[in-house]
Amino acid sequence: MLELSILGFLAEEPLHGYELKDRIRALSGHVRPVSDGALYPAINRLVAAGLLDERTEDGVSAAPRRVLSLTGKGRAELRERLRHPKQAEITDHVRFNTVLAFLRHLDDPAEQAAVLRRRLDFLETPASFFYRKGEPMRAEEAGDLFREGMLRVARATGQAEREWLREAIGVLSRAGS
């Protein structure tokens with residue numbers, strides 16, 4: 001997800017490493033913080049793969065800064081990753097939000113809708129944090145105030161997300177017609 005975030009933010013505008021780190025932190029840092037030890041090796045891999053360009057510019061009362069921008073190859077890679085997210089990027093809420101944050105970079109509404117349908121299909125499969133005899137446990141069956149709370153919040157957010165996904169798929173379907 002770190003590489004997808006890097007590609008996605010640089011598709012919007014060139015940034016230096018510190019700005020990029022701040023944007024990634026704002027997107028998912030409270031859940032999955034990004035360290036310099038992860039960010040800069042990922043940037044170096046993307047530069048080596050020809051997905052990013054880098055240039056140096058003078059810093060404001062500081063050392064020169066490395067400014068990063070997306071190459072044509074990087075833009076194509078971003079679109080491919082958005083077109084075909086890994087299953088974990090569909091099923092994990094934080095990872096899906098990262099995909100969602102950059103899905104506008106796909107030009108085809110039908111491709112955008114296909115990604116949203118995958119998430120909707122996943123959310124429509126009965127699931128729970130807790131199971132009894134192999135069956136998902138409902139909030140009303142938890143028998144524990146705190147587990148009941150987890151399950152009620154998950155149910156409410158799941159309902160809201162499914163509703164939004166259906167609306168968005170409808171909008172994209174009309175746009176593609």
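1. Does arginine 83 count as buried, partly exposed or exposed? With a relative accessibility of 28%, arginine 83 counts as partly exposed, and this value, like the others in this note, is computed from a predicted model. The side chain of arginine 83 meets that of glutamate 111 in a salt bridge, with 2.9 Å from N to O. Because arginine 83 belongs to helix 4 and glutamate 111 to helix 7 (residues 109-123), the pair ties together parts that are 28 residues apart in sequence. Glutamate 111 is itself partly exposed, at a relative accessible area of 23%.

2. As for the overall fold, the protein has 8 helices and 5 strands, which run α-β-α-α-β-β-α-α-α-α-β-β-α from the N terminus. The C-alpha trace spans about 60 × 45 × 25 Å along its principal axes, and 36% of the 177 residues count as buried.

3. The structure holds 18 salt bridges, one of which joins the side chains of arginine 81 and glutamate 3 at 2.9 Å, N to O. Since arginine 81 lies in helix 4 (residues 72-83) and glutamate 3 in helix 1 (residues 2-12), this pair ties together parts that are 78 residues apart in sequence. A network of salt bridges links Glu3, Arg45, Glu77 and Arg81.

4. Aspartate 22 and arginine 25 also form a salt bridge, their closest N and O atoms being 3.0 Å apart; both residues lie in helix 2 (residues 17-29), 3 residues apart, or about one turn of the helix. Aspartate 22 is partly exposed at 29%, and arginine 25 is partly exposed at 38%.

Notes
Residues are numbered from 1 along each chain as its sequence is written. This is a predicted model: local features need pLDDT of at least 70, side-chain atom pairs count only at pLDDT 80 or more; totals for chains, interfaces and linings use all residues. Side-chain values use heavy atoms; hydrogens and water are left out. Helices (H or I, at least four residues) and strands (E, at least two) are DSSP runs, numbered from the N terminus. Buried means under 20% relative accessible area, exposed over 50%, partly exposed in between (1.4 Å probe, protein chains only). A salt bridge is a side-chain nitrogen of Lys or Arg within 4 Å of a carboxyl oxygen of Asp or Glu.
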